[in-house]
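Here is a short report for a reader meeting this structure for the first time. Start with the view below, then read on.

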Amino acid sequence: MEENNLLLQVQDLKVYFYTEEKEELRAVDGVSFCLKEGETIALVGESGCGKSVTSLAILRLIDSDGKIQGGKIILRGRDLLSLSEKEMREIRGRDVSMIFQEPSSALNPVYTIGDQIMEAIILHQKLSPPQARKAAEEVLRLVGIPEAHKRLDEYPHELSGGMKQRAMIAMALSCHPKVLIADEPTTSLDVTIQAQILELIEKLQRQLNMGVILITHDLGVVAGMAERVVIMYAGKVVEEGNRWDIFHNPSHPYTWGLLHSIPRLDVKQEKLAIIPGVVPDPLNFPSGCRFRNRCPLEDEMCLTEPKRFEIENQHYVYCHHYSQIEILKTRGFNQ
Amino acid sequence: MNGTPLLRVQDLKKYFPIKAGVFRKIVGWVKAVDGVSFEVLSGETLGIVGESGCGKSTLGMTIMRLYEPTAGKVFFQGQDISSLRPSQLKSIRRNIQMIFQDPFTSLDPRMHIGSIVEEGMKVHRIAPLSEIRRRALDLLEKVGLGAEYFSRYPHEFSGGQRQRIGIARALALNPRLVVADEPVSSLDVSVRSQILNLLKDLKKEYQLTYIFISHDLAVVRQICNRVMVMYLGKIVEIADGDDFFSSPSHPYSVALISAVPVPDPDYEVKRIILSGDVPSPINPPQGCRFHTRCPVAQERCSQIEPTLEEVRENHWVACHFPGSLSWERIPKHVTV
């Protein structure tokens with residue numbers, strides 16, 4: 001593993017939001033991971049775990065009631081958090097781009113597909129409009145949209161959901177970014193369309209040797225696509241490892257619970273395993289380990305925040321009791 | 001399951017008019033549900049699956065008479081409910097209840113959850129008020145919400161808790177049949193399994209029959225005894241759950257199952273990628289509606305529409321060449 005193919009490092013990132021009553025909401029609280037060229041890393045967690053906020057912070061798209069309170073985001077040696085807004089605009093779309101969950105709301109309804117793709121090309125590649133139009137047609141063809149020259153002049157509402165998602169991918173890829181952030185790229189799509197889009201992202205990643213940050217709650221998608229997996233809970237990383245580490249040797253009780261509560265297609269389970277309780281209120285996270293009030297292994301030690309433990313080569317877990325995870329295999333989450 | 005049909009749907013159709021012009025003239029029809037017939041047996045959970053626009057939700061709403069059927073009949077315990085007058089519907093609604101997909105819009109934000117659960121019982125005057133109160137508390141307890149929540153409002157609850165409230169409301173009138181339309185789709189993974197287990201437990205306790213509408217095949221696998229697949233307003237396959245998942249016979253069902261990502265990095269699934277999108281239900285393709293996307297379609301499929309035929313016991317498929325598309329999951333190595 002060479003260091004020089006390191007593309008993006010997120011170090012101890014903290015993003016806090018503030019309510020009108022000036023309460024502090026620690027949406028992302030000390031998150032670190034890194035991404036290599038051509039690698040896919042998945043950020044996995046349930047709603048409110050901070051996975052989307054992390055990705056928005058990489059692009060510095062946190063809105064005014066939130067603030068990046070600490071940490072570093074290093075893209076090929078440059079800390080994005082120290083750049084001016086003008087320099088950041090150069091980065092967005094050219095070096096790092098993003099596809100969003102809901103294609104219908106991420107595309108501008110009053111501009112044609114072509115105009116929206118050409119905007120980034122003209123801005124970053126300094127091409128003339130006719131050249132940019134050609135480039136846009138090229139990239140639409142790349143993502144498999146039939147009759148690309150005709151589609152350029154259509155508006156988002158004239159396209160189906162799957163086609164809109166392809167158009168958005170085309171827009172994200174138009175300047176050949178080094179990092180692609182895909183925030184739940186298939187959640188709003190049907191499963192046969194989802195299969196098409198995932199296949200497409202994988203193919204384009206190989207072609208362009210992009211690093212992909214895949215943000216999802218769907219562990220099926222993760223198992224099929226991601227090389228490394230970062231599991232997040234309540235604004236913190238709880239476990240990180242390669243996909244076999246995570247799926248075959250989950251070592252944080254939350255990861256274990258998450259994996260066992262997925263309904264499986266291949267076996268019929270009499271009763272699904274569950275994680276009791278609900279995700280804690282972000283204004284009121286428990287002290288110490290944030291998972292402790294739902295965890296069957298909880299004791300006094302959990303009142304202090306767990307450090308990072310390396311279980312094996314680059315498989316990390318943030319839990320005091322990771323060595324006792326075997327207990328869950330016999331008794332599950334039922335105490 | 002005692003095998004007697006609780007609900008029988010006969011050639012049910014629901015078309016929505018497309019209006020255009022100043023006089024809102026009808027220029028066409030969206031054939032959302034286009035002639036479906038099936039039975040729901042007492043005590044079973046029938047899963048209705050399909051992608052968006054296949055008509056599964058419309059079918060659920062039409063059975064409930066939340067939409068008026070365009071044609072066809074629905075029999076509940078032998079009684080034709082599709083032609084009942086609105087005033088006669090009340091007694092049917094007591095027996096058929098619905099759980100909705102979105103727990104954020106299906107609860108009235110101005111009512112506290114106690115009155116949400118009590119409302120139906122009051123409308124139907126099933127008991128004196130004190131008894132209704134006791135029963136509402138009891139139901140909330142059953143779905144995992146204690147008495148202390150009784151006078152709270154919906155906005156104070158998370159998605160999973162709201163879905164529990166929706167379930168309590170549906171069960172308040174002691175229905176025989178519950179139509180659940182994507183009840184867990186908007187929930188997080190850890191909460192989803194809690195709700196699925198709750199639905200299973202309640203079914204046993206109250207001897208319920210479910211119609212479970214979902215696009216998530218893994219969820220359907222876990223909760224349904226029987227599975228019905230729809231495509232563009234038609235039934236393409238209907239079979240017992242185990243039989244369906246071990247040997248799906250319609251090419252569309254096979255493609256659907258193969259496209260579900262398996263949460264195990266050692267399984268390499270040979271995904272069958274369907275090209276293109278679902279055609280518009282305004283002008284569905286001639287012949288078999290799936291032939292435009294079917295990897296094994298032949299000439300006949302574009303000309304003659306297949307009917308549902310029984311290929312094995314209790315396994316019905318509408319395809320000229322059932323079982324001709326096969327697929328396999330390939331484990332890279334087997335871990336113990």
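## A loop residue in chain B

R125(B) lies in the loop between α3 (113-123) and α4 (129-142) of chain B. Helices here are DSSP runs of H or I with at least four residues, strands are runs of E with at least two, and both are numbered from the N terminus. R125(B) has a positive phi of about 45°, although it is not a glycine. Is R125(B) buried or exposed? R125(B) counts as exposed, because it has 9 C-beta neighbours inside 10 Å. The cut-offs are these: buried means 20 or more other C-beta atoms within 10 Å of a residue's own, exposed means 12 or fewer, and partly exposed lies in between, with C-beta atoms placed from the backbone.

## How to read the model

This is a predicted model, in which local features need pLDDT of at least 70, side-chain atom pairs count only at pLDDT 80 or more, and totals for chains, interfaces and linings use all residues. Residues are numbered from 1 along each chain as its sequence is written, while chains are lettered from A and ligands numbered from 1 in the order in which they are written.

The predictor gives the complex an ipTM of 0.82 and a pTM of 0.87. For chain B the mean pLDDT (the predictor's confidence in each residue, from 0 to 100) is 90, and 96% of its residues reach 70 or more. Residues 331-336 of chain B stay under 50. Where pLDDT is low, the predicted coordinates should not be read in detail.

## Chain B as a whole

Chain B has nine helices and 14 strands. Its C-alpha atoms fill a box of roughly 65 × 65 × 45 Å along the principal axes. Of the 336 residues of chain B, 46% count as buried.

## Where the chains meet

Two residues are in contact if their C-beta atoms, placed from the backbone, lie within 7 Å.

V219(B) is found in helix α7 of chain B. With 24 C-beta neighbours inside 10 Å, V219(B) counts as buried. Leaving out residues up to four places away in sequence, V219(B) touches P263(A), V184(B), L196(B) and S214(B).

## A helix in chain A

Helix α8 of chain A covers residues 191-208. Its 18 residues should span 26 Å at 1.5 Å a residue, and its end C-alpha atoms are 26 Å apart, which agrees. The expected span is 1.5 Å times one less than the number of residues. Buried residues of α8(A) include V191(A), I197(A) and L204(A). Their cover includes α5 (129-142) and α7 (161-173) of chain A, together with α9 of chain B. Just after α8(A), N209(A) takes a positive phi of about 50°.

H176(A) is found in the loop between α7 and β7 of chain A. Phi of H176(A) is near 50°, a positive value in a residue other than glycine. With 16 C-beta neighbours inside 10 Å, H176(A) counts as partly exposed.
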